[in-house]
Amino acid sequence: MSTNAADPLVALGGLPGVPDAVDSVRKAVDRVYGHRVMRRRSNEIASEAALRGARGSAALSGADWALEEVRRRTDFGSEPEARTVGAALRLGAEAGQLLSIWRQSPLRVLARLHLVAAADAGDAVGRPRQSGEAVAEPLIELSLPDADEVAGRLEGLSRLIIAGSSAPALVTAAIVHGELLALRPFTSYNGLVARTAERIVLIGSGLDPKAVCPAEVGHAELGRAAYAAALDGYASGTPQGVAAWIAHCGMAVELGVRESTAVCEALQRGAA
């Protein structure tokens, strides 16, 4: 992530193709918020979106379970895939509790997210990894920045968030997501944490205040290969690569909107 503009996020929002992605996402979100069922049953839709988002995020981290299995399962501590799904569910529940803290102390929120995901008291939990510590992150094959670079870039990301930006929410969410995935600042669960941070930005920005547009669903639907390829573009630092990543995140939000629209339609048919 690099630009010489005073507000780098605003500058990124002007990259070719990004304004169209922003506009398309805004229109899609407006449509689902205008659905007649949303006006009466938004809490139900938000709960379902959180469940489906957790399932999608876990799938991208290697635990691709059917939605009904996630819904009925109660034991999430028995084996690695179950722990991944459990971590995704806990993060989905935690995200809404951290909105007020995010703009003042994003690093504190990231530490909390990792603590919630890891659900143990190990020495590496809830803090950026140190030199020599290994990272367990399935499916992400980018070269791993060293601990000093991680610390510096996390601090830069934190300053951007605290300073605020007039950039569209999609741009900010995509950059937070991409930067955390590229850095992999924790020894585990970086993908889950990055996607939850994206969710926090989308909700807290006002784009999706009722948390009914689960981008994680869309990321999973677009597939692991497309996700990894788009992330490679982001990590390249080229304008084209960063723009392609933002557009990919926009498509993911739109697919999340489609998922919640389908939930609205199902609820409406049930009430008919």
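## Helix pairs

The crossing of helices H3 and H11 is left-handed, a term used where the near helix is turned anticlockwise from the far one by less than a right angle, with right-handed being the clockwise case. H3 comprises residues 38–60 and H11 residues 215–222, and their axes come within 7 Å and cross at roughly 40°. That angle makes H3 oblique to H11, given that angles under 35 degrees count as roughly parallel, over 145 as roughly antiparallel, 65 to 115 as roughly perpendicular and the rest as oblique. The axes are lines fitted to C-alpha atoms, for helices over the stretch in contact, and the angles run from 0 to 180 degrees between N-to-C directions.

In a second pair, helix H9 (residues 169–183) and helix H10 (residues 190–204) have axes that come within 8 Å and cross at roughly 165°. H9 and H10 are therefore roughly antiparallel to each other, and H9 passes H10 in a right-handed crossing.

## Basis of the model

This is a predicted model, in which local features need pLDDT of at least 70 and side-chain atom pairs count only at pLDDT 80 or more, while totals for chains, interfaces and linings use all residues. Residues are numbered from 1 along each chain as its sequence is written, and side-chain values use heavy atoms, with hydrogens and water left out. Helices (H or I, at least four residues) and strands (E, at least two) are DSSP runs, numbered from the N terminus.

## Helix H12

Helix H12 covers residues 224–236, and at 1.5 Å a residue its 13 residues should span 18 Å, which agrees with the 18 Å between its end C-alpha atoms; the expected span is 1.5 Å times one less than the number of residues. Within H12, Tyr227, Ala230, Leu231, Gly233 and Tyr234 are buried. These residues cover an arc of only 150° around the axis, which puts them on the same side of H12, the arc being that of the directions from the helix axis to the C-beta atoms.

The face of H12 turned away from its buried side carries the exposed residues Ala225 and Ala229. Buried here means under 20% relative accessible area, exposed over 50%, and partly exposed in between (1.4 Å probe, protein chains only). After H12 comes glycine 237, whose phi is positive, near 80°.

## Cysteines

With a disulfide taken as a pair of cysteine sulfur atoms within 2.5 Å, the count comes to 0 disulfides. Cysteine 213 is in no disulfide, and the nearest cysteine sulfur, that of cysteine 264, is 9.5 Å away, too far for a bond. Cysteine 213 is buried, with a relative accessible area of 3%, and cysteine 264 also counts as buried, at 0% relative accessibility.
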